[in-house]
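Have the sequence and the 3D view open as you read.

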Amino acid sequence: MPISFDPAKRLFRLDTKTSTYAFFVYRENYLVHLYYGAKIPDSDLEYLMYRGKFDSLSPWNTKVDDPDFSADITPFEYPTNGAGDMRIAALSVRNGDGNAVTDVRYVSHKITPGKPALEGLPATFADDSQAETLEVEAVDPVTGVKVFLLYTVFADYGVTTRSVRVENGGSAPVTLERAFSGCLDLPTMDWDMVHVYGRWAKENTTVRHPLQHGIQGIQSKRGMTGPNHNPFVALCQHTATEEQGEAMGLSLVYSGNFAFDIEVDTRGCPRVLAGINPTDFRWRLEPGESFTTPEVVMAYSEEGLGGMSRTFHHFYLDHLCPPQWARKKRPLLINSWEAAFFDFDDDKLVEFAQAAKELGIEMLVMDDGWFGDRFDDHRALGDWQVNEEKLKGGLASLIERVNALGIQFGIWYEPEMISPDSDLYRAHPDWAVCAPGREKSMSRYQCVLDMTRKDVRDNIFQQMYDVISKNNIAYIKWDCNRHISEAASAALPPERQGEFFHRYVLGVYDLMGRITKAFPHILLENCSSGGGRFDPGMLYYAPQIWASDNTDPIERLSIQFGASLCYPIASLGAHVSASQRASLETRGNVAMCGTFGYELDPRKLTPEEREIVKRQVADYHKYYDLIHYGDFYRITSPTEDPYLCRWQFVSPDKKQVLFTQVVMRQPANNYQLQRLPGLDPAAWYVDQETGQTYSGALLMHAGLDLSARTDNQLHDGYSVVKYLVAR
Ligand code: GLA
């Protein structure tokens, strides 16, 4: 069984195919962390709780008869604030007496098959045969606050997930000031921290640096996850590469203010916390009430960062993305945004559909601008009625015309927003988020709707329902184009204003859940000014997320590589646009490392370009399974190599290989022999273009000859694709 409990040692072991996680119940019922790392045999682990002699300044518990025990240095499972542990705390509860001393001790546990859902939150899922769950109950005897630590083990994936439920079992109201989803107290700081940062149109730049003494971390306090940092951190050995060495990834299934805080104490021991950002977070619990944290997913691999990423890719596809979409072929779409912006009418869209049909494209997505008075981005968000000045004859008639061509129809929404110049705002000015007496900051001329309120969500749901239920809509792009300032809700009492940000996220999940439940056949694509809300919380509702408003193929390389650290290639929204930086072929090859689609005016393509597009469409179908369900290998990273970017897909049976190389800048070296990882050494692969046969071992150990034979092959934006099939 993946989860075991040794009653004599009071020790828990959580085993996956790659990892072991262990903790135990020490004297006085302290929950002490022992180990997370490569899989180890059953052995005595208790010595791992000790970290040498503590200083005279450190507090110790006199009831624990152990000269080496101090809460100040002990690795804990879920460390609390103010009871002797001076490091950053996972939990801090301000109690009825007004202090925030928090101290929870083990009471009981249970192990059950499967995985319970988390109330109101997106989370990974499993049936009883796929996972096992441990729930550990711990209690603070002074306040009566109970903590339930949840661990689910997905043994076949090398994945363990965690979340926490806090219940006020006392008689006075308490306030949560910190409630992280999980903690990892590691014994050494010999790790590099890998994460991504960015901004609008430049998301997911990968950075890697050694851990340092002190507190380091990433966070969002923007109300959404944001493009600035992604709720994902990997720790890998200093020597780890893409394919070798230990790497563990922590990914938070959450779309709001998050924090990954890592404190390396003076002993060189890191404490890693992942969860809701404590800044701007307060949650009041009346007696009997409980609070559930979002889930953190931990993946462990000894096959480097690449192995860790592939674990996340398969795991998220199978256990997080909407199951009706995860392994269903998605339609090849063309989006109107970059082709028309706000300037379209029904005839133009039908012309797009007509031209797209001739190319083999399967769906037209009508982006922003179809509703209310929306002729530019200054107005009309919140007025989700069809603009019949643009769409003469209405939406149903437009969709009929598009469908008659054999093309499916998709539509854009930005449900969480309100323009001050809108009928909705004129009717309900208090629905726009703003703290009393403050000037509302504008961002893209819009405000944020107070999604903490059920009446607001009901209104937007009804407006959306009225349009969607009456029309043959196959796809929705759910956008979100500003972050939250002057945060407060007119509907919350002062003592609950600290709950605003988390309630906002819960409100978004509620609305998204209602829409996807009402229309399960609709493919949802998430977007937030590009990849500004590219997180696992969104992936639970939307199997694909628009990765960036930057569609330049060279810029896209680092954006997509960074996203691939944690997110499946099948989730990366990527389109071929009219960008001039690289040939149409290369633009296609880069977008093929994602969902693939088009974002250009199909009427303007030259006859030669139309032929290229038709070939790309054929490739999309040919390689669909390989790209969407295969193993992804980052070979040469665009943030590490200034010249070349290379990646590869290998089918699960290792019989097909799709390799791509893009020249970003002309390299001085025109001789390139590239080893291919992840192949079957015993197989014989045939290059489908040249007919040349290679042994798998040869390609893995000598490599594929990619030397440039013409100057053109060294030019910026040139790309090569190799498709090899085992004979
Ligand atoms: C955001 C999105 C774009 C497009 C526009 C429409 O910027 O990222 O793809 O939908 O909004 O206003």
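## Helix packing and the ligand site

Helices H11 and H12 cross in a right-handed sense. Please keep in mind that this is a predicted model. H11 covers residues 584-591 and H12 covers residues 607-629; their axes come within 10 Å and cross at roughly 20°. Angles under 35 degrees count as roughly parallel, and H11 and H12 are therefore roughly parallel to each other.

Which residues of H11 and H12 make the contact? From H11 come Leu584, Glu585 and Gly588, while H12 supplies Glu609, Ile612, Val613, Arg615 and Gln616. Sorted by class, the contact of H11 with H12 has three nonpolar, two polar and three charged residues.

A second pair to look at is H7 (residues 454-468) with H8 (residues 500-518), which pack at an angle of about 25° with their axes 10 Å apart. H7 and H8 are therefore also roughly parallel to each other, and their crossing is right-handed. On the H7 side you will find Arg457, Asp458, Ile460, Phe461, Met464 and Tyr465, and these meet Gly507, Asp510, Leu511, Arg514, Ile515 and Ala518 in H8. By class, the contact of H7 with H8 has seven nonpolar, one polar and four charged residues.

Now let us turn to the ligand. There are 13 residues around the ligand, and Asp367, Asp368, Lys477, Gly530 and Asp549 come nearest.

| Residue | Atom on the protein side | Distance from a ligand oxygen atom |
|---|---|---|
| Aspartate 367 | N or O atom in the side chain | 2.6 Å |
| Asparagine 481 | N or O atom in the side chain | 3.2 Å |
| Glycine 530 | polar backbone atom | 2.9 Å |

Note on methods:
Residues are numbered from 1 along each chain as its sequence is written. This is a predicted model: local features need pLDDT of at least 70, side-chain atom pairs count only at pLDDT 80 or more; totals for chains, interfaces and linings use all residues. Side-chain values use heavy atoms; hydrogens and water are left out. Axes are lines fitted to C-alpha atoms, for helices over the stretch in contact, and angles run from 0 to 180 degrees between N-to-C directions. Helices (H or I, at least four residues) and strands (E, at least two) are DSSP runs, numbered from the N terminus. Angles under 35 degrees count as roughly parallel, over 145 as roughly antiparallel, 65 to 115 as roughly perpendicular and the rest as oblique. A crossing is left-handed if the near helix is turned anticlockwise from the far one by less than a right angle, and right-handed if clockwise. Contact means heavy atoms within 4.5 Å. Ala, Val, Leu, Ile, Met, Phe, Trp, Tyr, Cys and Pro count as nonpolar, Asp, Glu, Lys and Arg as charged, and the others, Gly among them, as polar. A residue is near a molecule or strand if one of its heavy atoms lies within 4 Å of it. A polar contact is a pair of N or O atoms within 3.5 Å; within protein, one must be able to donate a hydrogen and the other to accept it, and residues adjacent in sequence count only if both atoms are side-chain atoms.
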